[in-house]
Amino acid sequence: MSLALREILTDYIPKEEDKKTKTENPLLAFGLSKNHNLIYPLSGPSHRLIMGQTGAGKTTLAQTLMEIDFLKGRKVFEIEPALEAKSERAFMNLPNNDPQMLKVLKEYFGIDTEDFKEWPFKVVVYSPPTQRFVNFLKKHENDPGIEFFKLITFTEADLIDIIARTLPTGSIEGLIVADAYDEYVSTVKKRKKRSIEEFIELVRKIGEGTNVNIENTIMKINRFYHVLKGVEVDEGVPLKDIIKNREEISVFTTHFIERPEDRYIWTFAILVTVYSNWIDNLKRDYLMSFFIADANLLAPSSARDIIEKLAYFQTLMRQELQVYVKISRGKNMAWTLDTQRHDDLSPSIVSECKEWFIKRMYSKEFAQKLGLEPKLLRSLSIEKAIYVGPLTKYKVLLRPPVSRKARAGEYAPIHFLDAYKRWENEEATF
């Protein structure tokens, strides 16, 4: 932890995950009650659900919670929206410049970003080495801010694990792939020695003599392999190194992936590999906090969010997320999911979320379930939310993020590079 963070978090010990510090610290609070008391998130690995209609401020609230988790010493991840392929979180490397947010921060929370001796947040955006991303990095290699965009690479063993778990297959075909995987990993125990070619040959051998078109299966394996591996690059950051690095917020973007199906393949690969790599080492004395944007589109329960072309991957991710959310609190993992409505996600996922942050929405039935007037939910301003925790329910004034929130339309990495260059020029001029 940098000196700046130590000064900000005086007397705070990250691993203790206290609800409150020894002295009140507004940077660790997400809001203010009507009695002007700071409200803090639950300590420990508690799952969260952020709900609200489009434009209600869910992304902004998630950003504030990311700041809090990072300052508490957690390893913070986010998967940006897979379907829309937006990439906005890089803006967190810059201080907030929204006049209204800055006014709320200063007047209600006593936070002035100009008091920071060094910027406390670092966000790195990761993408697979697609040709688009490689070209982007090359084109802007000398531009300020490009250091916040990096290639992520999977090992051969990672890729074999992912393919065995995510490949769309029929029932017999699935058994062939599963048998090949079990035999291969038990035979080649050292992960560094595993190769996709050997795995494919074993799939072919086991599939011979069955009524399955095994060459078609191998074509699918090769397709998944090339989507996940990307183009050949000299260097990239292995996922295991990203997991170890608590000095940054790590964001995974699909912005540089062309086809929607490929975005979902890669997003699912990230979920599987982060989870499996994390639980391989449970001796850490800190938590992992994983944010999923637009969870209703990534792992939907509602039929209206099922997209026919992506239905297989959406269903698969919903099934995996149900398991992860159910058992991961005991593994020092906490999930923060944002969605439009409470019924957009599986009830088994929603029931595991102990903190609900409810933004503006139109749902008379849900309002009544919460014991609220429907008009209250409909009329919530963007800076307000209803917080529901264990035995608590508040209407809160939300703390705006200290870091910059991307403006409407600023969804691409090039927008961040332009903003970062302007900011550097302003700092130099000042």
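Trainee: In which loop is Asn332 found?

Mentor: This is a predicted model, in which local features need pLDDT of at least 70, side-chain atom pairs count only at pLDDT 80 or more, and totals for chains, interfaces and linings use all residues. Residues are numbered from 1 along each chain as its sequence is written, and side-chain values use heavy atoms, with hydrogens and water left out. Helices (H or I, at least four residues) and strands (E, at least two) are DSSP runs, numbered from the N terminus. Asn332 is found in the loop between α12 and β10 (333-339).

Trainee: What is the phi of Asn332?

Mentor: Most residues other than glycine have a negative phi. Asn332 is a residue other than glycine with a positive value. Its phi is near 60°.

Trainee: Is Asn332 buried, exposed or partly exposed?

Mentor: Buried means under 20% relative accessible area, exposed over 50%, and partly exposed in between (1.4 Å probe, protein chains only). The relative accessibility of Asn332 is 26%, and it therefore counts as partly exposed.

Trainee: His36 is not a glycine; what is its phi?

Mentor: His36 lies in the loop between β1 (31-32) and β2 (38-39). Its relative accessibility is 59%, so it counts as exposed. The phi of His36 is positive, at about 65°.

Trainee: Is Gln314 buried or exposed?

Mentor: Gln314 is found in helix α12 (residues 311-327). Beyond residues up to four places away in sequence, it touches Tyr264, Leu297, Leu298, Ala299, Pro300, Asp305, Ile306 and Ile307, where contact means heavy atoms within 4.5 Å. Because its relative accessibility is 0%, Gln314 counts as buried.

Trainee: Are α6 and α7 parallel or oblique to each other?

Mentor: Axes are lines fitted to C-alpha atoms, for helices over the stretch in contact, and angles run from 0 to 180 degrees between N-to-C directions. Helix α6 (residues 171-187) and helix α7 (residues 196-207) have axes 9 Å apart and pack at an angle of about 130°. Angles under 35 degrees count as roughly parallel, over 145 as roughly antiparallel, 65 to 115 as roughly perpendicular and the rest as oblique. The two helices α6 and α7 are therefore oblique.

Trainee: Which residues in α7 does α6 meet?

Mentor: From α6, the contact involves Ile176, Val177, Asp179, Ala180, Tyr181, Glu183 and Tyr184. In α7 they meet Glu198, Phe199, Leu202, Val203, Ile206 and Gly207.

Trainee: By what distance are the C-alpha atoms of Arg204 and Pro26 separated?

Mentor: Arg204 lies in helix α7. Leaving aside neighbours within four places in sequence, Arg204 is in contact with Ile214, Glu215 and Ile218. Arg204 and Pro26 are 178 residues apart along the chain, and their C-alpha atoms are separated by 59 Å.
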